[in-house]
Amino acid sequence: MAIFSRSDDGKKDGKKAKSLPLLPLRDIIVFPHMVVPLFVGRQKSIAALEEAMAHDKAILLCAQKKAKTNEPAAEDIFAVGTVGQIIQLLRLPDGTVKVLVEGKQRARVRRFLDSERFLLVEADDVEEVSEPTVELEALMRSVHSTFEAYVKLNKRIPPEMLTSVASIDDAARLADTIVAHLSLKLQDKQSILETESPAKRLEKLYELMQGEIEILQVEKKIRTRVKKQMEKTQKEYYLNEQMQAIQKELGERDEFKNEIQELEEKIKNKKMSKEATLKAKKELKKLKMMSPMSAEATVVRNYIDWILSLPWYEYTEDKLEIPEAEKILDEDHYGLKKPKERILEYLAVQKLVDKIRGPILCFVGPPGVGKTSLAKSIARAMNRRFVRISLGGVRDEAEIRGHRRTYIGALPGKIIQSLKKAGSGNPVFLLDEVDKMSTDFRGDPSAALLEVLDPEQNFSFNDHYLDLDYDLSKVMFICTANTMGGIPLPLQDRMEVIRIAGYTDLEKMSIADRYLIPKQKEMNGLASVTVGFRRSAVRSLIHRYTKESGVRSLEREIGSVCRKIAKDVLKTGGPSDVKAYDVTEKAVQKYLGPHRYRYGTAEEKDQIGLTTGLAWTELGGELLTVEAQVMPGKGKLTITGKLGEVMQESAQAAMSYVRSRAELLGLDKRFLENVDIHVHVPEGAIPKDGPSAGITMATTLVSALCRIPVRKDVAMTGEITLRGRVLPIGGLKEKVLAAHRGGIKKVLIPKENAKDVREIPKKVREKLEIVCVESADEVLREALLVERPDEFLKKASATPAPAPSEGAAAQA
């Protein structure tokens, strides 16, 4: 239906108005010459399409002002739109319609007509008139070049568009074609659609494209900068993102955060020194700023864990009841009177004084005497925790002080590690084998121990790893060593040395009865079997199958006997079928085979040129026999038996003493010119050294030269001088115990060693006659079998040694 409208003056305006169904569009504007697919779902819009298909397929396409409006009215729709031609219409299964339309011409809505099924409007075509001018040509060229620059920056527009746009000569079509491919706002596109003049339309388009190009250039700069920044860390970034995704799936995304919170809570609640608290907080602050996957974070985390795990102010309460502590010490060890007394003294002072620095004790004695087990008993008696480290073979100072954190795999020293293990700031700390440390280019560990074992310094012990002061003053340090020779003098000065000598035979037998036999019976499954060891059997084990100061080998041999018995028990049917086992000396020989050792015993008869001496070894005391033989010769003195230099010099000093007493001994002054003397110490494969055999050699030489027998039941020890004085020696207790074990009745010792006699067990002192001598003359009177001992060499004692002749002095 054609409708002609008239102007106000009543004449025709020349424009033809036509009624068209209207399709309101959301967020899209269709320009002339533009082919676009549309999805239509609203019922009025579908009805409008059906109306258009029923007639000439023409439909007016106008954009909504607001996309959210579902039922748009006249005021919700822009007045200028595009008349489109439906190319194809397809109904979809969900009830919507897909339609392909092509924009033909601009049109302006004159008015809306009444229609309930769809929007019906009366619209006028907008005529586009453009005259080719130089200005328009220049404008078109500018738009062409600007669009080319835009396409290069905007990768979403295919490059083929440049070719199709370059072939367009019409200004209006050029503007409509380009604007359809620009990413513009809806209002800007609608403004271009409503502009009737192609020249003005191109100007607007040119301005909008310039603005878009500036935006695209800024975006490109940002992308380039971000890309450069990400190139270095892109790999790590993606790996971290993947790791976070994996952790999220596993529920571990916030594990690091939770760990930080736990550490904060621990630092807050842990009672530490002010220095340690500040250090822990500083390291935690550093940890928060680190990546949880970095290596440095692991180092810092481990450091904080070490600080928090140490017992800064955590102490066990000491048990200070003296009778109870004494009872525990006596239960665990037989004898060892001096160490026990020292511990009880410490407990007594601790009870009277609230605060006392821990003592630094050093137990020195041969292997197997109970040094380590005594330290354990001390911890039990004091109700303290016990930690032990072995220093045997340690040669690196860092083992004591720790490594600095700059090293890979650094850890605190053994002192701090052991305190963490103990969980207490006042344990009994055993430093085992302190005499077996060594030194090399990595430092001297014994020098590092000087600070640890000094009560004046160890309250602020500084470990290299922690780099914090730690208080060791409440720790009770106990060191053990076999000899004092391996301990540096400055370290000895800081320790209270308690010597633990070897056990006597009586003590060993008591220890075997009380501790070793019951322990081995239980360990070997003989608790329900009656097994009795006779004293003669235990004595045989001590003398014939072991050779030691302690009881370690004795326990081993008792265990061996118990194993043999266990085998016999099973052979006879079982423990219920066996009545009892009585272990005798013969049974021991049956189970263990022939005797392995022989121990020194007193000679069976008095002999000329054979004297029993006493020697000290790491295994205890030994009887040392010295023999001398006089033969015709030219005065040669031969000394054999693998003797050390000191012992050889003692033999020469003894020979000089004998020559000085030659006249009073009834010897010719030139007796040495006609004889050769050979002094020998048996067991020649065993090295021997020391000055304490001086009087033994002198007695042997006098006996051999004067042909006077030496008493078989006498043993002696002491250093001799040229004038015949007897000097003190060491290891008296062990030597006297060896004499007692060997059946000796009388022991000659230097007078200056009389103070050490009280260390010898009372039972041993009662069975031995201990004679203190001051000169070699007294030794000869006691040792040689002469008719009148009291008068022997009396004149020699009153007569000074002869002065050397002038010729001898000149020769000297």
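The crossing of helices α8 and α9 is left-handed; that is, the near helix is turned anticlockwise from the far one by less than a right angle. Bear in mind that this is a predicted model: local features need pLDDT of at least 70, side-chain atom pairs count only at pLDDT 80 or more, and totals for chains, interfaces and linings use all residues. Residues are numbered from 1 along each chain as its sequence is written, and side-chain values use heavy atoms, with hydrogens and water left out.

Back to the helix pair. α8 covers residues 274-288, α9 residues 295-309. Their axes come within 10 Å and cross at roughly 155°. Axes here are lines fitted to C-alpha atoms, for helices over the stretch in contact, with angles from 0 to 180 degrees between N-to-C directions. Helices are DSSP runs of H or I, at least four residues; strands are runs of E, at least two; both are numbered from the N terminus. The two helices are therefore roughly antiparallel, a label for angles over 145 degrees.

Who makes the contact, meaning heavy atoms within 4.5 Å? From α8, the list includes Ala276, Ala280, Leu284 and Leu287. From α9, it includes Val300, Tyr303, Ile304 and Ile307. The contact residues divide into nine nonpolar, no polar and three charged. Nonpolar means Ala, Val, Leu, Ile, Met, Phe, Trp, Tyr, Cys and Pro; charged means Asp, Glu, Lys and Arg; the others, Gly among them, are polar.

Next, the strands around β6, residues 97-113. Strands count as paired if DSSP finds at least two bridges between them. β3, residues 35-40, pairs with β6 in the antiparallel sense over six bridges. There, valine 40 has valine 97 as its bridge partner. β5, residues 80-91, is also antiparallel to β6, over eleven bridges. Glycine 81 stands opposite alanine 107. β5 and β6 form a hairpin with five residues between them, and glycine 95 in the turn has a positive phi of about 95°.

On to β7, residues 119-125: antiparallel to β6, six bridges. Leucine 113 faces leucine 120 across that pairing. β6 and β7 form a hairpin too, with five residues between them.

Last stop, serine 438. Where is it? In the loop between β10 (428-432) and α15 (445-452). At 26% relative accessibility, serine 438 counts as partly exposed: between buried, under 20%, and exposed, over 50%, using a 1.4 Å probe and protein chains only. Leaving out residues up to four places away in sequence, serine 438 touches Gly393, Val394, Arg395 and Pro445. Glycine 613 is 175 residues away in sequence and 35 Å away in space, C-alpha to C-alpha.

Terms used. Parallel < 35°, antiparallel > 145°, perpendicular 65-115°, else oblique. Contact = heavy atoms within 4.5 Å.
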